[in-house]
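The exercises below take a reader through one structure, step by step. Please look over the sequence and the model before trying each task.

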Amino acid sequence: MAATITASAVRTCFGDGPATWDALLRGDCGAAPMRRVDPRRVGVSHGYPIADDRPFGPGRWLADCVTEALAAAGVDPLRRRVVSLVGTGLRESAEVERAALAGRVDFPAERLHFGPAVTGAAPGVDRVVTLANACSAGGHALALAQDLVETGEADAVLVGGTDGSTASMLAMIGRVAARPTERIRPFDADRTGVLLGDGAVVLVVEADRPGAGLARLLGTGLSCDAGHETAPDRDGILRAVHDAHRRAGRRPEQVDLVLAHGTGTALNDETEARVLAEVFAGCAPGPLVTALKGAVGHTSGGSALLSVAVAIEALRTGQVPPVVGLSRLASEAAGLRLVRDRAVAAAPRVAQVDAFGFGGLNAVTLLEAS
Amino acid sequence: MSGVVTGCGVVSAAGDCVADVLAAIRAGTGVRSDVRDRFAEPLPEAEAPAIAGFDVRGLLGRKGTSFLDRATALAMVACGRALADGDLTPDDDNRHRIGVVLGTTTGSLKSTMDFSRETLVQDKPYLVNPVLFPNTVMNCAAGQAAIRYGLRGVNATVAGGPLAFLYALRYALNAIRRGYADALLVGGVEEYTPNTAWAARLTDAGPAGEASAVYLLRRRDAEAAGARAEVLSVATGFAPDSTDAGLAGCARRALAAADVRAADVWALAGDDSDGLSDVVPAAVERLPVRPALGDCQAAAGALAFGALLARHAEEPGAAGRPALVTARSRDGGVAAAVVRGWAGGGDDHR
C-alpha cells in the first residue's frame, strides 16, 4: 500500500518553497547572526532565521503553509474528513520563556500547541494533533498520516512540521559545542556542530493515486533505540531503514537518492554515514546523497518534512541540490556519493529521507516519483 | 486486512474459560463469592462478583510475584493462558513482533491510593516502599506481562473504563493492520479491592466485579489455523448529549467499515445497548455482562467478547455470521466492534 502527497508548502530562512528550492540549487547558505536572543547569553552566535521576530512565529509559518497547501491540493476540510498532525520539537515554548521573563502570561494555553493555528487556517479540520518526537517529529507524523489515510480514518491528512528556536534550546547547544559554530557542515571533516533553523512545512497526504499528485509516499519506517539520551545508535537506525524498505517493498539498489539527516555533529554524521555505507553496500554505484542543514539549518520538528519536500522536488525535476558547507570530506563518508559544490541532474525515481531525533527516535521515509 | 483471534486467556469470577463466562451470562443470576475475610479494610458488601481462590504464587511461582498487585497478577496469568491457548511460543526470532495491548481504567486503584496515602502518613522523610512504586503506574500490567513472557513488540496501555477493551482492540487491530506487530495480546483487566468496591458503591455503579480476559490477535494472512474469530472493525465516538444515538451511529460506522449489513447481525455482546434496537434485528441474541459479573469496567468488554467467542463455538450454524460488541461510558463515550466467529478452527473461512 502507498499514499499520495498532493501538495507541499514550505517556509525557511530563504522564503517559500520555490525560493527555498532555488537557493538550494544555487548552493546558498542561509546562516546569519542570531535574532531574537542575545548571543552572549546563550553561547550561540548564528542561526538560520526567518526574518520575522513577532511572537508565535512557528504557528504563523505553519498556518501560512496550511493555507497554501490546502489551496494547492484543492482539498476542502468542510467537505471531506481532514485530520492534521503537526510534528514539532519546541512547540511555542519561546512564548513560555517570554511570559516567564515578563512575569505575565498574555495568551491562552491552547496556543502552545498548534490546534488553533491549523483550525484558524483550515476551518472544518476534524482534529489537530501535535506530536513532540524531537527532531524526527515530522517523520513520525508522516507515518501516522499514511496510517490514517490507508485505514480510511481520514480522506486527507495535513501533515505539518514547524519549529523556531528557544533561548533554552540555544543555551543547551551553546553548552555542548566546543566553540561557537557559524554554519553547519554536514559530513565535513572539520564540522563544528549544529545550529537551529526556523522553518515550517505542510504536506497533504491522500489515498494512493498512481500517476497523480506530487509523489507517492511508499512508507515510513520507525524505530526507537531505547539506548542513549542523545547519541545515535547504529542498530536502531538500521531497524528504521529496514522497516522503511520493507513497508515500501523496495530493495536498497532501487533507492536513487538519500536526503540524509546530516546535522554536522561529530556523532550523527559518523553514525549515519556508516549506516548508509552498510545499507547500500553492494549497490553499484549506490544512491546520490545530499543533506539540507548546511543551507537551511536544523529545522528540528520541521526537518524531516523539509527533506521530504525537497526530495519531492528532486523526483519531479531530476535536479539534486548539493550539500552546502561540505568542503573537506569526512573519512567515514568517503564511500558515499555525496552531491558536492553544485546541483546535479540525475532523474531519481525513489528517494529515502532520514530523520533522527534525540532519545533515539528514528523515522525513515521512502518516496517514489508519481 | 484484519486480525484473527487464535487464543483466549480468562480469569473470572465465573471460571477460567470463555465457556464459563457465557454460562454465567446465560444463567443471568449474579455470580457471587464471600469477600468478608479478604481485606483488612471494611467493604460495602459481604459478597461480590470477585474471583475466589486466585493464587498468584501457585499460578506464576514465587519468583518475582511477591510485590505484584492483583490487577497485574490477573493480567499476567491471562496473558500466559492466551499465549498457550494460541500455541504461540515467544522466541528470539519472533519476540520483537509480539506485543501487549491492555485496557484499563486507572491501573490498580489500590496500589495508587495506598502509595499516595503512605506519602501522607509516614514520618518524614516519607519513607515509602520503593518496590511498590512500579505498581502505581497504569502500564504496570502490560509491562510486567511483556517482561515475564519476553515480548518485545508494541506495548501499550489504553485507559477508557468500560470502553477500554474496545479502545485496546481498536489500537491492536490498527497495529496489526499497519504492520507494527504480527501478534498482540489484547485484553482488559480489573481487580476487586476495597477501593473499587467503594468506588462502585459510591457512584451507584456496583457491585464492582473483577476479571482479566486476554486474546491473542494475529495477522489474518499469517498462520491463522485455529482462528476462532475475526475482528473486522472497531469504531469509537463521543456523544454526551445523546448517547443512544451516538452508540447507534458508532455501530453503523463499524458495520459499514466491515462491509457488513446490519440485518445480518445475529448477536450483540455488551451492556447498555438498548439504543441499538433500531440498528440490529429484533431477534438478535443479547449477551450482557453486568447482571452476572458486576461492573467489570475495563474487563467488561473483554468478557463480552469472550462470551461471543464461546457462543460461536457452540453454534456451528452461526459460523462466519457477524456480531457486535458494544460499550458505552457514563460520560458519553461509545464504541462498537464487528466480529465474526467460527465454531472450530478458522481453516475453512477463507
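**Exercise 1. A helix and what it packs on**

Against which strand and which helix of chain B do the buried residues of H7(B) pack?

Solution. Before starting, note that this is a predicted model, in which local features need pLDDT of at least 70 and side-chain atom pairs count only at pLDDT 80 or more, while totals for chains, interfaces and linings use all residues. Residues are numbered from 1 along each chain as its sequence is written, and chains are lettered from A and ligands numbered from 1 in the order in which they are written.

Step 1 is to locate the helix: H7 of chain B covers residues 194-202, where helices (H or I, at least four residues) and strands (E, at least two) are DSSP runs numbered from the N terminus. Step 2 is to pick out its buried residues, which are B:Asn195, B:Thr196, B:Ala197, B:Ala199 and B:Ala200; a residue is buried if 20 or more other C-beta atoms lie within 10 Å of its own, exposed if 12 or fewer, and partly exposed in between, with C-beta atoms placed from the backbone. Step 3 gives the partners, strand E3 (47-48) and helix H4 (109-121) of chain B, a contact being two residues whose C-beta atoms, placed from the backbone, lie within 7 Å. After H7(B) comes B:Asp204, which has a positive phi, near 60°.

**Exercise 2. The sheet of chain B**

Work out the strand order of the open sheet in chain B, and find the strands that stand at its edges.

Solution. The sheet is built from 10 strands in the order E5-E4-E6-E7-E1-E8-E12-E11-E9-E10, with mixed pairing; two strands pair if DSSP finds at least two bridges between them. At the edges are strand E5 (155-159) and strand E10 (285-287) of chain B, and because each has a single partner strand, one side of each is left without a neighbour in the sheet. From one strand to the next the twist averages 25°, where axes are lines fitted to C-alpha atoms, for helices over the stretch in contact, and angles run from 0 to 180 degrees between N-to-C directions.

Within this chain, E1 (residues 3-12) and E8 (residues 229-238) of chain B are joined in the antiparallel sense by three bridges, and B:Gly3 faces B:Val231 in E8(B). Helix H6 (residues 164-177) of chain B packs on the sheet, with E1, E4 and E5 among the strands it touches, and its direction makes about 170° with that of E6(B). Helix H10 (residues 300-313) of chain B runs at about 165° to E11(B) and lies across several strands, including E9 (267-269) and E12.

**Exercise 3. An enclosed strand in chain A**

Why is strand E5 of chain A largely enclosed by the rest of the structure?

Solution. Six of the six residues of E5(A), residues 82-87, are buried, so the strand is largely enclosed. In a regular strand the side chains alternate between the two faces of the sheet. Here A:Val82, A:Ser84 and A:Val86 are buried on one side, and A:Val83, A:Leu85 and A:Gly87 are buried on the other. E5(A) runs parallel to strand E7 (residues 156-163) of chain A, to which six bridges join it, and A:Val86 stands opposite A:Gly160 there. E5(A) also runs parallel to strand E6 (residues 127-131) of chain A, with five bridges, and the partner of A:Ser84 in E6(A) is A:Val128.

**Exercise 4. The cores**

Which residues have the most contacts inside the largest nonpolar core?

Solution. This core has 121 residues, and A:Val118 and A:Leu203 have the most contacts inside it; a nonpolar core is a set of buried Ala, Val, Leu, Ile, Met, Phe, Trp, Tyr and Cys residues joined through C-beta atoms within 7 Å. Helix H11 (residues 303-317) of chain A gives the most to this core, with 10 residues. Leaving aside neighbours within four places in sequence, A:Leu203 is in contact with residues including A:Ile5, A:Val159 and A:Val308. Another core, apart from it, has 119 residues, among them B:Val11 and B:Val334.
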